[in-house]
Amino acid sequence: MAVLSNLSFIGRARPWISIVMAACCLTMGCGPTEVPKEIEAIDVSSGNTILDFTLLDHGGKQRRLSDFRGKIVALFFGYTMCPDVCPTTLSEFVEVYRLLGSEADGVQVLFITVDPERDTQRLLSEYIPAFHPRFIGLYSTPEETRKVAEAFGVTFERVKSRSDSTYIIDHTAYVFLIDAAGRLRLKVPYAQPADSLVKLIREIRE
Amino acid sequence: MGKKFIAFGLALVATFQVNCAYSEVSVKDAWMRATTPTQTAGGAFMSISSSNGLTLVGASSPLAGRLEFHEMRDDHGIMRMRRIEQISIPANTVTQLAPNAFHVMLMDIKQQLLEGSSVPLTLTLVDANGFRVDIPVNVKVVPVSTRVPHEHQHREW
């Protein structure tokens, strides 16, 4: 029953995505992002990319990425059956919030599931807040999920188990850091420690 | 928070006879994250060492319908996870089943795994002569947001 009502909600919500290449340098003067030498991260500021999407959060409420303007957004893709990468990244961001203290109010973690068929709203609503009550899990239809992922250059593919009908999902594990103006600034590879993530977050704060 | 790092010394040493020689197998620091009521899968991590070269060929648990060994690879930012049939445990080195490397995947988990509980696991290992041994392991269930010590996060390929 819960699954059926979730699906119908997706139908009504009509998620959408738009990509705006904004000429923000002219108006806002964003330059390249200084990445400390010892930290692995890819500066994508020069693209001046502002992405937006509408997805459903783990409470079933529509959320646009642009709703979080004014905050730094740390966004990544994953799925709850992921035993390694996803809980590792989520746990690292729990530590990031702790290290930031009151500054953490200006940072929003968004987790977009690449497995909406199995990651129901119910499962996401248990799983994501178990890490931190302020983290938000997002989901949509498989089609919309793919569009959002493509906009970020994220790929994911199902890999079938040899023994039965179950599957795992290979997926891009970058964390995307988006500044308070909504500009995509940094792509951070998997397994960066919390203190490095904190430095990067402080770097892109206006 | 330091205490969120995994730090426990759950050691299990099993000794068994292999062709008149003794092989000493030690499985330490076995852990997995707590699950939510609806979650049915999770990865278990541990350190395994042996005085003789062995191969890990099987795992079972009364709390999970199916167990597999998985290997992770970072392929230019895409994390690829693959099922593998076995994991070799070379003699006298510690083989880490750790994030970004190997794990035992528990699927069809039959009950919610609460922080502080443990999951019984039986590992099956064989030596070069085909001698087979089952080793019981208690996997400690740690808080979901437990961080992985950083030295275990990176693996060169």
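This is a predicted model: local features need pLDDT of at least 70, side-chain atom pairs count only at pLDDT 80 or more; totals for chains, interfaces and linings use all residues.
Okay, the answer. In H4 of chain A the buried residues are A:Leu123, A:Leu124, A:Glu126, A:Tyr127, A:Ile128 and A:Phe131. You'll notice a glutamate in that list, A:Glu126. And what do the buried residues of H4 pack against? Three elements of chain A: helix H3, which covers 85-100, strand E6 at 107-113, and strand E7 at 136-139.

Let's stay with the H3 partner for a minute. In general, you describe two packed helices by the angle between their axes and the distance between those axes. Here, H3 and H4 of chain A come together at an angle of about 45 degrees, and their axes are 8 Å apart. An angle under 35 degrees would count as roughly parallel, and 65 to 115 as roughly perpendicular. This pair is therefore oblique.

Who actually meets whom? From H3 of chain A you have A:Pro87, A:Leu90, A:Ser91 and A:Val94, and across from them in H4 sit A:Tyr127, A:Ile128 and A:Phe131. If you sort that contact by class, you get 6 nonpolar residues, 1 polar and no charged ones. Still on H3, let's look at the core. The largest nonpolar core has 73 residues, and those with the most contacts inside it are A:Leu75, A:Phe77, A:Phe93 and A:Phe152. H3 of chain A supplies the largest share of this core, with 8 residues.

Take A:Phe93 from that group. Leaving out residues up to four places away in sequence, A:Phe93 touches A:Ala74, A:Phe76, A:Val109, A:Phe135, A:Val175, A:Leu197 and A:Ile201. There's also a second, separate core of 33 residues, and that one includes B:Ala34, B:Ile48, B:Leu56 and B:Phe102.

How many disulfides does the structure hold over all chains? The count is 1. As a reminder, a disulfide is a covalent bond between the sulfur atoms of two cysteines. Here the partners are A:Cys82 and A:Cys86, with an S to S distance of 2.5 Å. The torsion about that S-S bond is about 95 degrees, so the disulfide is right-handed. Are the two cysteines buried or exposed? A:Cys82 has a relative accessible area of 6%, which makes it buried. A:Cys86 is buried as well, at 2% relative accessibility.

Now, chain B. Chain B has 157 residues, and 52% of them count as buried. If you take the contacts in chain B with a separation of 6 or more, 67% come from residues 24 or more positions apart.

Let me show you a couple of these pairings. B:Val57 is in strand E4, residues 54-60, and it is partly exposed at 28% relative accessibility. In sequence B:Val57 is 29 residues from B:Gln86, while in space the two are 4.7 Å apart, C-alpha to C-alpha. Not counting residues up to four places away, the contacts of B:Val57 are B:Phe69, B:Glu85, B:Gln86, B:Thr124, B:Val126 and B:Arg132.

Next is B:Leu121, over in strand E10, residues 118-127. B:Leu121 is buried, at 2% relative accessibility. With sequence neighbours up to four places away left out, it touches residues including B:Met46, B:Ser60, B:Leu67, B:Leu106, B:Ile135 and B:Val139. From B:Leu121 to B:Asp29 you have 92 residues in sequence and 13 Å in space, C-alpha to C-alpha.

And B:Asp29 is worth a click of its own. Most residues other than glycine have a negative phi. B:Asp29 has a positive one, near 50 degrees. B:Asp29 lies in strand E2, residues 21-33, and is partly exposed, with a relative accessible area of 27%.

Which other aspartate has a phi near 50 degrees? That's B:Asp108, located in strand E9, residues 102-109. B:Asp108 also counts as partly exposed, at 42% relative accessibility.

That's what I have for today.

Notes
Residues are numbered from 1 along each chain as its sequence is written. Chains are lettered from A and ligands numbered from 1 in the order in which they are written. Side-chain values use heavy atoms; hydrogens and water are left out. Buried means under 20% relative accessible area, exposed over 50%, partly exposed in between (1.4 Å probe, protein chains only). Helices (H or I, at least four residues) and strands (E, at least two) are DSSP runs, numbered from the N terminus. Contact means heavy atoms within 4.5 Å. A nonpolar core is a set of buried Ala, Val, Leu, Ile, Met, Phe, Trp, Tyr and Cys residues joined through side-chain atoms within 4.5 Å. Axes are lines fitted to C-alpha atoms, for helices over the stretch in contact, and angles run from 0 to 180 degrees between N-to-C directions. Angles under 35 degrees count as roughly parallel, over 145 as roughly antiparallel, 65 to 115 as roughly perpendicular and the rest as oblique. Ala, Val, Leu, Ile, Met, Phe, Trp, Tyr, Cys and Pro count as nonpolar, Asp, Glu, Lys and Arg as charged, and the others, Gly among them, as polar. A disulfide is a pair of cysteine sulfur atoms within 2.5 Å.
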